[in-house]
Amino acid sequence: MVSPIHRLALLLVLATACATVPPPSEAPSWPPASEVQLSILTVGDTGRRQHLGPYFHLQRSVARGLVAEDRRHPSDALVLLGDNFYSSGLESDELVKRIRQNVAGPYCYFVAPGGPRSQEIGRACRLDVEQRHPLPIYAVLGNHDHKAPESPKLQREAVPRFVPNWHVPDGRAATVEFEEGVSLILFDSTLLLKDEDDAELVEALRKSRGPWRILASHHPLATARDYPADRAEGHTGYREQVLAAIARAGVTVQLAVSGHEHNLQVIDMDGPMVQLVAGSGSKVRELKTSNPAVRFARDVAGFARIDLVGGGSKQQLVASLFSTRHVPPLPAPRPRLVAQFAISREGLSRDILASPSGSPVPIGGQVHGQP
């Protein structure tokens, strides 16, 4: 029989193990690290409350997967795809608590020091500065982030006082330009669904330099769920409106990344754009689909990585989806690569896992990972 003292000691050992920086993830066979020009990690729907402590929280396991991937090959940015704080957004009466639970704790490895109120989250983020890899953390707002009227402003203005590398666009849309030729267009899909005002989105798209463009929002333009592809949150026409905004801006978007679905998906949009869904950052939703445009779908916790690979006419985006296991309170195992697709500027894509030799299997050629 295990005494209470021994049980406590065991829990302390496990908690200590959980608090350390995880080992790098195992390297996927492709792309070679030497050919990667830019890397972006992305995940959505991360903001569930903690009920049994941090080491029993699914968000923590997914975050450890992100850290393991960054340690395998360092990334340039972390993009959060909305619903950063459930269930009503961020509220002032629990500001410090929620930033500790949903930002500083899980993403400590990526958090920059030096915010004017960073000492208030010190207990949640105990990694020494030299153990961290601070990245710009770009966050879009989801439908839950809008429920408390004060939430959008708190996320824009208050969170950076604790986490100085946290960024939420000031308006409805904003563009982040990377010198490697990638434009990341962040937009608030919840507001667009509410009043259909897309002027800021059109302007952000028009000003984006490209030639590579990644559209980041909470609501996906296409989904594996069995309802019409243009519908989101009960509104029809959402997909058409965004596609019309892209057309009015006169630009090409190769990839859309979104959350909201609480699972992992890749959807062919019959054009130069592919929809990537990585919305299982703290909760998983069961998924069944008969949508023929779905190239990959799996109801597991996880995240996505987007790499710009190669140069010249052979340059391409590689979108990789990783699943993470949740085995509290033990440290989470290394993330597992479950899907990987290559995307050209013209949208001609191939399923890398289905064609490991590099032969040009189109993205629509076959489906893998279907539940």
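The questions and answers below go through selected features of this structure.

Trainee: Which pLDDT do local features need here?
Mentor: This is a predicted model, in which side-chain atom pairs count only at pLDDT 80 or more, totals for chains, interfaces and linings use all residues, and local features need pLDDT of at least 70. Residues are numbered from 1 along each chain as its sequence is written, and side-chain values use heavy atoms, with hydrogens and water left out.

Trainee: How many helices and strands are there in the protein chain?
Mentor: Helices (H or I, at least four residues) and strands (E, at least two) are DSSP runs, numbered from the N terminus. On that basis the protein chain has seven helices and 15 strands.

Trainee: What percentage of the residues of the protein chain count as buried?
Mentor: Buried means under 20% relative accessible area, exposed over 50%, and partly exposed in between, with a 1.4 Å probe and protein chains only. The protein chain has 371 residues, and the part that counts as buried is 57%.

Trainee: Which cysteines form a disulfide, and why is it right-handed?
Mentor: A disulfide is a pair of cysteine sulfur atoms within 2.5 Å, and by this rule the count comes to one. The sulfur atoms of cysteine 108 and cysteine 125 are 2.1 Å apart. Both cysteines lie in the loop between helix H3 (95-104) and strand S3 (137-139), 17 residues apart. The disulfide is right-handed because the torsion about the S-S bond of cysteine 108 and cysteine 125 is about 80°.

Trainee: Is cysteine 108 buried or exposed, and what of cysteine 125?
Mentor: Cysteine 108 has a relative accessible area of 6% and is therefore buried. For cysteine 125 the relative accessible area is 8%, so this residue is also buried.

Trainee: What is the geometry of the aromatic pair of tyrosine 109 and phenylalanine 110?
Mentor: Rings of Phe, Tyr and Trp (its six-membered ring) pair if their centres lie within 6.5 Å; planes under 30 degrees apart count as stacked, over 60 as edge-to-face and the rest as tilted. The whole structure holds three aromatic pairs. In one of them, tyrosine 109 and phenylalanine 110 lie 5.1 Å centre to centre with 85° between the planes, which is edge-to-face.

Trainee: Is the aromatic pair of phenylalanine 303 and phenylalanine 322 stacked or edge-to-face?
Mentor: With 5.2 Å centre to centre and 10° between the planes, phenylalanine 303 and phenylalanine 322 form a stacked pair. This pair links distant parts of the chain, 19 residues apart: phenylalanine 303 is in strand S12 (residues 302-309) and phenylalanine 322 in strand S13 (residues 316-323). Both phenylalanine 303 and phenylalanine 322 are buried, and the arrangement is stacked.

Trainee: What is phi of aspartate 45?
Mentor: Aspartate 45 is found in the loop between strand S1 (36-43) and helix H2 (58-72). Its relative accessibility is 0%, so aspartate 45 counts as buried. Phi of aspartate 45 is a positive value in a residue other than glycine, near 60°.

Trainee: Where is histidine 260, and what is its phi?
Mentor: The place of histidine 260 is in the loop between strand S8 (255-258) and strand S9 (264-268). Histidine 260 counts as buried because its relative accessibility is 8%. Phi of histidine 260 is also positive, near 75°.

Trainee: Which residues does serine 323 touch, not counting residues up to four places away in sequence?
Mentor: Serine 323 is found in strand S13 and, with a relative accessible area of 12%, is buried. Contact means heavy atoms within 4.5 Å. With that sequence exclusion, serine 323 touches Val300, Ala301, Gly302, Pro335, Arg336 and Val338.
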